[in-house]
Amino acid sequence: MFGVFAIKKEERLLAFAMLFVFIVYSALLISGHFGVYTMGAKGGFYSLFTKNFRMSGYDNWSWITISGMRVHFETIRHPLFLTLLYPFYWLNHWLIEAVGVNFAVFFMALIILFSDFYAVVFSYRIFREVLDMKVKDANLLTLLLFSFGHILLPTMVPDHFAISLMLLLLTLYLVGKRQKEGRLLAVWENFLLVFFTAGMATSNVVKTFLAGLFTNGKHFFSWKNLIIGIALPLLLLLGIQQLQYQAIEIPQKEVTKKILKNKKEKDPKKLIAHQKARSQWLRSHTGMAASSEGIGKLMDVTTSRQKTLVENFFGEPIQLHQEYLLKDVSWDRPIFVNYSWIANYVIEGIIVLLFLGGMLVGWRYKFMRMLFLWFMCDFTLHVIMGFAINEVYIMTAGWAFIIPISIAYLLRGLSETPRQWLRVFLVALTGWLWIYNGGQIIYYLI
């Protein structure tokens, strides 16, 4: 399994060319506030980063954690994220003391760039080795995937989405090869996939289960697999999360209480006014919850599903909106933004039709049916249940790779002449998306 990280000769040009692009974007992001981001301050990292980094709702909690071991993300949803960042915190802590420079942004960039690089490699392999596409088509469809607005953004922002994307594509590559060859996933392979994919984002666990079920069939339910391949990694993740919670998060909460108490005593009117303004903004940019307790408080029942599908589920993830470019719905963006050009809606409609057409053509394949259920996981969670529906586009990395895979099935199913025409259109579409999304991001960063 670990041999999958060896780079094959035919993958090198695409992978390293894309890595260069990702490095350029990361450099632009960091250079925008280089002096501020690298300040070796003893404290105040939260204010320092949150005031200067804002991109479409993506978080910079990793920078804050590596800088000063402050945890602002929910470890129960990302149990291995803190584990990944912890060694970098200690190294960065020593470097701040030694040279007075905060290297958090560089350490996180290395993690993201590693994930970007292998996400490209695994994406290419899915097209080339699982779907048997020609080299030129595998290259084209990989470039198409990374031209999507909210696939390109995670390749540079300091969030967990690029890591999760890499792990999901690795899962698809491994199970796709097994399904094609009629082989089963070993129990230890299932253990590793569950441990790492669910460890980075617990919402991935259902997708990993489906991957194992579609690949191993009834063997998935063997006692050995259920205990070692599923229960054991989940218990380990829970144990890791609880250890981190007790050792780091509980003491941090006590410190936070003291800080808030001091602020309230120092200037109570200012604190109350700020909290009131924030609460009012968030209420106006969040729909009504299903209930005030339990899972119901995470479910939005009033935000328009029709507008969500057009503007935020199939729209913004693929083509960034021109107005309120990369603004954050928690601070300065309306929930819904319309495109300035009708052409954006035309392109969106064509992509959705290609997506659905590819699903129909590829439906007889187990791999495509599995991907449909993966897609339905995200659709159900975000659109039907309404979890994070007001910024659903930042979840794109969890499902949008299904679009070019679906299009690959459509390409395979067409006769030569229609295939050639579709290929020409995809070249034009990919070029347009790279220029459109890439250009807007560069404009925002500079």
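## Basis

The model is predicted, so local features need pLDDT of at least 70 and side-chain atom pairs count only at pLDDT 80 or more, while totals for chains, interfaces and linings use all residues. Residues are numbered from 1 along each chain as its sequence is written, and side-chain values use heavy atoms, with hydrogens and water left out.

## Salt bridges within helices

The structure holds 14 salt bridges. The term stands for a side-chain nitrogen of Lys or Arg within 4 Å of a carboxyl oxygen of Asp or Glu. One of them joins Arg 419 and Glu 416, with the closest N and O atoms 2.8 Å apart. Both residues lie in helix α18 (residues 416-445). They are 3 residues apart, about one turn of the helix. Helices here are DSSP runs (H or I, at least four residues), numbered from the N terminus. Arg 419 is buried, at 19% relative accessible area. Glu 416 is partly exposed, at 44%. The cut-offs are under 20% for buried and over 50% for exposed, with partly exposed in between (1.4 Å probe, protein chains only).

Lys 177 and Glu 181 form another salt bridge, at 3.6 Å from N to O. They sit 4 residues apart in helix α9 (residues 161-181), so about one helical turn separates them. Glu 181 is partly exposed, with a relative accessible area of 39%.

## A salt bridge between loop residues

Glu 316 pairs with Arg 333 in a salt bridge, the closest N and O atoms being 4.0 Å apart. This pair links distant parts of the chain, 17 residues apart. Both Glu 316 and Arg 333 are in the loop between α14 (305-313) and α15 (342-362). Which side of the burial cut-off does each partner fall on? Glu 316 counts as buried at 3% relative accessibility. Arg 333 counts as buried at 1%.

## Packing of α16 and α17

Helix α16 (residues 366-384) packs against helix α17 (residues 402-413). The angle is about 150 degrees, and the axes are 11 Å apart. Axes are lines fitted to C-alpha atoms, for helices over the stretch in contact, and angles run from 0 to 180 degrees between N-to-C directions. The two helices are therefore roughly antiparallel, a label for angles over 145 degrees. Their crossing is left-handed: the near helix is turned anticlockwise from the far one by less than a right angle.

Which residues meet between α16 and α17? From α16 come Phe 367, Met 368, Leu 371, Trp 374 and Phe 375. From α17 come Ile 402, Ile 405, Ser 406 and Tyr 409. This contact has 8 nonpolar residues, 1 polar and no charged. Ala, Val, Leu, Ile, Met, Phe, Trp, Tyr, Cys and Pro count as nonpolar, Asp, Glu, Lys and Arg as charged, and the others, Gly among them, as polar.

Phe 146 lies in helix α7 (residues 135-147). Phe 146 is buried, at 0% relative accessibility. Leaving aside neighbours within four places in sequence, its contacts (heavy atoms within 4.5 Å) include Met 18, Phe 22, Ile 151, Leu 165 and Trp 434. The C-alpha atoms of Phe 146 and His 72 are separated by 29 Å. Along the chain, these two residues are 74 residues apart.

Thr 208 lies in helix α11 (residues 205-216). Thr 208 is buried too, with a relative accessible area of 3%. Not counting residues up to four places away in sequence, Thr 208 touches Leu 193, Val 194 and Thr 197.

Note on methods. Angles under 35 degrees count as roughly parallel, over 145 as roughly antiparallel, 65 to 115 as roughly perpendicular and the rest as oblique.
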